[in-house]
Amino acid sequence: MARIQIELPPRFIFDTALEVRIGDINYAGHLGNDALLKLAQEARLRLFKQLGYASELAVEGAGIVIADVAACYRAEAFHGDRLRFRIGVADIGRHGLDLIYQAVDDNTGKEVARLKTGIVFFDYQARKVAPMPEAFSGKLSQ
């Protein structure tokens with residue numbers, strides 16, 4: 001069976017540390033896949049706040065939707081582990097881009113996971129895809 005491959009970007013534009021909480025642990029005793037996505041969402045929200053946006057629904061007059069998600073697991077993570085989420089961008093297009101995440105155990109340096117979320121800009125009033133705001137894409141290159 002072919003495995004998903006997520007290539008890391010040449011540079012990361014943001015990083016933040018998040019702790020694995022008891023609610024993030026699954027029945028096997030390690031970080032659950034659903035919890036990994038929630039941690040990535042928290043990291044993404046922190047990125048957007050650093051860029052000056054209070055919400056993913058208010059980005060230069062547009063919002064975002066997640067069009068697709070992929071995750072590759074490299075190691076287990078456990079309750080109390082501190083994970084550093086590094087975020088970069090890839091595949092920038094007219095209506096969106098991919099955010100690439102690398103989750104690394106802050107104590108050991110071991111890579112825990114790589115994720116990709118496909119971001120599409122969306123006009124929530126018109127209920128349709130919108131162009132990526134130039135002001136947003138400009139902030140990514142700073």
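Aspartate 98 is found in strand E4, which covers residues 96-105; strands here are DSSP runs of at least two residues marked E, helices are runs of at least four marked H or I, and both are numbered from the N terminus. The model is a predicted one, in which local features need pLDDT of at least 70 and side-chain atom pairs count only at pLDDT 80 or more, while totals for chains, interfaces and linings use all residues. Residues are numbered from 1 along each chain as its sequence is written, and side-chain values use heavy atoms, with hydrogens and water left out.

Let us stay with aspartate 98 for a moment. Is aspartate 98 buried or exposed? With a relative accessible area of 13%, aspartate 98 is buried; the word buried stands for under 20% relative accessible area, exposed for over 50%, and partly exposed for what lies in between, using a 1.4 Å probe and protein chains only. Setting aside neighbours within four places in sequence, aspartate 98 is in contact with Gly88, Val89, Ala90, Asp91, Lys116, Thr117 and Gly118, where contact means heavy atoms within 4.5 Å.

Lysine 116 lies in strand E5 and aspartate 98 in strand E4, so the pair ties together parts that are 18 residues apart in sequence. Lysine 116 is buried as well, with a relative accessible area of 17%.

How many salt bridges does a search of the whole structure find? The search finds 11. Another of them joins the side chains of arginine 74 and glutamate 111, at 3.8 Å from N to O. Arginine 74 sits in the loop between E2 and strand E3 (82-90), and glutamate 111 in strand E5 (residues 111-123), so this pair ties together parts that are 37 residues apart in sequence. Arginine 74 is partly exposed, with a relative accessible area of 42%, whereas glutamate 111 is buried at 17%.

Now turn to helix H1. Within this helix (residues 33-50), glutamate 42 and arginine 46 are four residues apart, which separates them by about one helical turn. Their side chains meet in a salt bridge of 3.1 Å, N to O. Glutamate 42 is partly exposed, with a relative accessible area of 32%, and arginine 46 counts as partly exposed at 31%.

Phenylalanine 48 is also found in helix H1, and at 2% relative accessibility it counts as buried. Not counting residues up to four places away in sequence, phenylalanine 48 touches Tyr53, Glu56, Val59, Ile64, Leu99 and Phe136.

The rings around phenylalanine 48 bring us to aromatic pairs. Rings of Phe, Tyr and Trp (its six-membered ring) pair if their centres lie within 6.5 Å; planes under 30 degrees apart count as stacked, over 60 as edge-to-face and the rest as tilted. By this rule the count comes to five aromatic pairs. In one of them, the ring centres of phenylalanine 48 and tyrosine 53 are 6.4 Å apart and the planes are at 55°, so the pair is tilted. Both of these residues, phenylalanine 48 and tyrosine 53, are buried. Phe48, Tyr53, Phe121 and Phe136 form one aromatic cluster.

Glu56, among the residues that phenylalanine 48 touches, has its place in the loop between H1 and E2. Glutamate 56 counts as buried, at 13% relative accessibility. Its side chain is joined to that of arginine 44 by a polar contact of 2.5 Å; this term covers a pair of N or O atoms within 3.5 Å, where within protein one must be able to donate a hydrogen and the other to accept it, and residues adjacent in sequence count only if both atoms are side-chain atoms.

Terms used. Salt bridge = Lys/Arg side-chain N within 4 Å of Asp/Glu carboxyl O.
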